[in-house]
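Here is a short tour of one protein model. Look at the structure first, then read on.

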Amino acid sequence: MNYFILSQDERISSAVEPTGVFDVIRQEWLTTEYQDELDEAVIQFDIKQKKENDYLDFLDRPIPLYSNRLKTIIHKFAPKLFVKSVVLVDRERIKQDLYWLMILPRVNCLSEQSEFHRDGSLKRLVLDPEKIGRRTIFQIEGIREPYIIIDLRLAEALLRRDFFGIRLKKAEQAGRRMSHAHD
């Protein structure tokens, strides 16, 4: 099975940007242990005022947020994921948009071939598919970077639809040398 890193397309500079996220929720709430706190919270974020705001299907900064269309597809593949509605508020244009926060399982699936910089940041990500099991979408335990990994089936489902602002990059796996990563 191939795996891909799901990320926001950083080439779109007009992407909507939620502000004050950690004034509303705490970083530790983004883990499975805090689902009750998250479940009870009413979450809305103002957006940064810009001349133009594009509402991408996936935002990864400062926290991962999924459009309703994207959430629907992911939920078909991973129906047990915890999801929480989030409203993005554009006060200037008097507009509200629904997004979703998902709490993904963290999987200890780094291969020994993964490499790190001296400061502990990831230099080369190599997944160990034996440790992933049958997971469709997850984050990686033991690294600072908040990478979201999806399997080939979900990646193909996303590529068959016209999503806006999503990038997929093939993740390297132990025992398989990558020739060249394609976007």
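## One side of a helix

This is a predicted model. Start with helix α3, which spans residues 68–77. Its buried residues are Leu70, Lys71, Ile73 and Ile74. These lie on the same side of α3, because they cover an arc of only 165 degrees around the axis. An α-helix has 3.6 residues a turn, so residues three or four places apart point the same way.

In soluble globular proteins, nonpolar side chains tend to be buried together. Here the largest nonpolar core has 23 residues. Ile25, Leu38, Phe45, Ile63, Leu65 and Leu88 have the most contacts inside it. Two strands, β5 (82–90) and β6 (95–103), each supply at least two residues of this core.

Take Leu38. Which residues does Leu38 contact, leaving aside its neighbours within four places in sequence? They are Ile25, Trp29, Ile43, Phe82, Lys84, Leu101 and Ile103.

A second core is separate and has 21 residues. Among them are Leu6, Ile73, Ala78 and Leu158. Ile73 is also one of the buried residues of α3.

A cis peptide bond joins Arg61 and Pro62. Its omega is about -5 degrees.

Now find the loop between β5 and β6, which holds Ile94. Phi of Ile94 is near 50 degrees, a positive value in a residue other than glycine. Is Ile94 buried or exposed? Ile94 counts as exposed, because its relative accessibility is 78% and the cut-off for exposed is over 50%.

Key. Residues are numbered from 1 along each chain as its sequence is written. This is a predicted model: local features need pLDDT of at least 70, side-chain atom pairs count only at pLDDT 80 or more; totals for chains, interfaces and linings use all residues. Side-chain values use heavy atoms; hydrogens and water are left out. Buried means under 20% relative accessible area, exposed over 50%, partly exposed in between (1.4 Å probe, protein chains only). Helices (H or I, at least four residues) and strands (E, at least two) are DSSP runs, numbered from the N terminus. The arc is that of the directions from the helix axis to the C-beta atoms. A nonpolar core is a set of buried Ala, Val, Leu, Ile, Met, Phe, Trp, Tyr and Cys residues joined through side-chain atoms within 4.5 Å. Contact means heavy atoms within 4.5 Å.
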